[in-house]
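Colleague: I would like to go through some side-chain pairs and a helix packing. Please take them one at a time.

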Amino acid sequence: MQDAISQTLSENRPLNQALLHIFSRQNWAGFLSHQQVQQVCQQLKLEPLALAMQLLPVAACYSHTDISHFKVGAIAIGEHGDFYFGANQEFAHTAIQQTIHAEQSAISHAWLRGEKRISDMVVNYTPCGHCRQFMNELHQAENIAIHLPHSQHNPLHSYLPDAFGPKNLDIHTLLLNQEDHQLNENHPDQLVQEAIHAANQAHCPYSNSPHGIAILFRNGEIITGRYAENAAFNPSLPALQTALNYAYLNNLDLAEIERIVLAEKPTKLSYREMTEQLLNTIVEVKMEYFMIK
């Protein structure tokens, strides 16, 4: 990741030098706090949206495109001005439905970092229908502005007129809202406990089948992922995808994974088989499974 970002920012400009300094200090993680954004904008007399536009090639560096070789970069801007990077993540030798779209990537990245509302989505290509539907699941989706290199300040619903979404199904708890499925998180194994905790925060109002995943790296670091369900079903994002995406965007080496635990309450759905299928193509670590009663 260091080489890709350094090459993208290789031109000797004050902005590039400032960004390289920030990314190198945070181990090339794809995130800028609102304080960092303000600092760069004040230093170089930029507006935050203009900065986000210039950062799109950097966001695209986080792509994994073994199938399409087409890199998409996105930046979700949180309500306080934090920048959450996203990029399309593709996985060869498995079903194409395992793919993560760039907007999904940025949104789930924000979600796992605790963001409560996304005000703007900046992306280098027009969002596909899949991503428009995914964004429609968000808390205050009606207020999200979409910004493209050729067209800025567009409301999401100009891309998704006469939309079908949570309100049509009388769902009032939306993606990024705080959720708690009242699952018993007490377990002697810390990694199982972390996976259950992630499942407790899953967004699954249609199936009521929460699942979460916890991944332990050899250095002791633990990351988690949680299920993000969608009113249109197909744009739903499984917990493994949110965890892998977080790992990619935070420059974590999948070869350093030591353990993986999937915890789920398979009320109407089970992601066990799908999760194992994807994992078998990218890591040699055997997934551990915990069914929540």
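Colleague: Which residue's side chain meets that of arginine 259 in a salt bridge?

Modeller: Bear in mind that this is a predicted model. A salt bridge is read from the gap between a side-chain nitrogen of Lys or Arg and a carboxyl oxygen of Asp or Glu, with a cut-off of 4 Å. Here the partner of arginine 259 is aspartate 189, at 2.9 Å from N to O. Arginine 259 sits in strand β9 (residues 257–264) and aspartate 189 in the loop between α7 (156–159) and α8 (190–200), so this pair links distant parts of the chain, 70 residues apart.

Colleague: Which residues are linked in a network of salt bridges?

Modeller: Asp189, Arg259 and Glu288 form such a network. By the 4 Å rule, the count comes to five salt bridges.

Colleague: With which residue does glutamate 256 form a salt bridge?

Modeller: With arginine 218, where the closest N and O atoms are 3.7 Å apart. Glutamate 256 is in the loop between α9 (239–249) and β9, and arginine 218 is in the loop between β7 (211–217) and β8 (222–226), so the bridge ties together parts 38 residues apart in sequence. Glutamate 256 counts as partly exposed, at 34% relative accessibility.

Colleague: Where do glutamate 276 and arginine 272 lie?

Modeller: Both are in helix α10 (residues 272–282), four residues apart, or about one turn of the helix. Glutamate 276 is partly exposed, with a relative accessible area of 26%, and arginine 272 is partly exposed at 37% relative accessibility.

Colleague: What describes two packed helices?

Modeller: The angle between the axes and the distance between them. For helix α2 (residues 14–25) and helix α3 (residues 34–44), the axes come within 11 Å and cross at roughly 155°. An angle over 145 degrees counts as roughly antiparallel, so α2 and α3 are roughly antiparallel to each other. The crossing of α2 past α3 is right-handed.

Colleague: Which residues of α2 and α3 meet?

Modeller: From α2, Pro14, Leu15, Ala18 and Ile22 meet Gln36, Val40, Gln43 and Leu44 of α3. By class, this contact has six nonpolar residues, two polar and no charged ones.

Key:
Residues numbered from 1 in each chain as written. Predicted model: local features only at pLDDT ≥ 70, side-chain atom pairs only at ≥ 80, totals over all residues. Heavy atoms only, no water. Axes fitted to C-alpha atoms, helices over the stretch in contact; angles between N-to-C directions. Helix = DSSP H or I, 4+ residues; strand = E, 2+ residues; numbered from the N terminus. Parallel < 35°, antiparallel > 145°, perpendicular 65-115°, else oblique. Left-handed = near helix turned anticlockwise from the far one by under 90°. Contact = heavy atoms within 4.5 Å. Nonpolar A, V, L, I, M, F, W, Y, C, P; charged D, E, K, R; others polar. Buried < 20%, exposed > 50% of the residue type's maximum accessible area, 1.4 Å probe, protein only.
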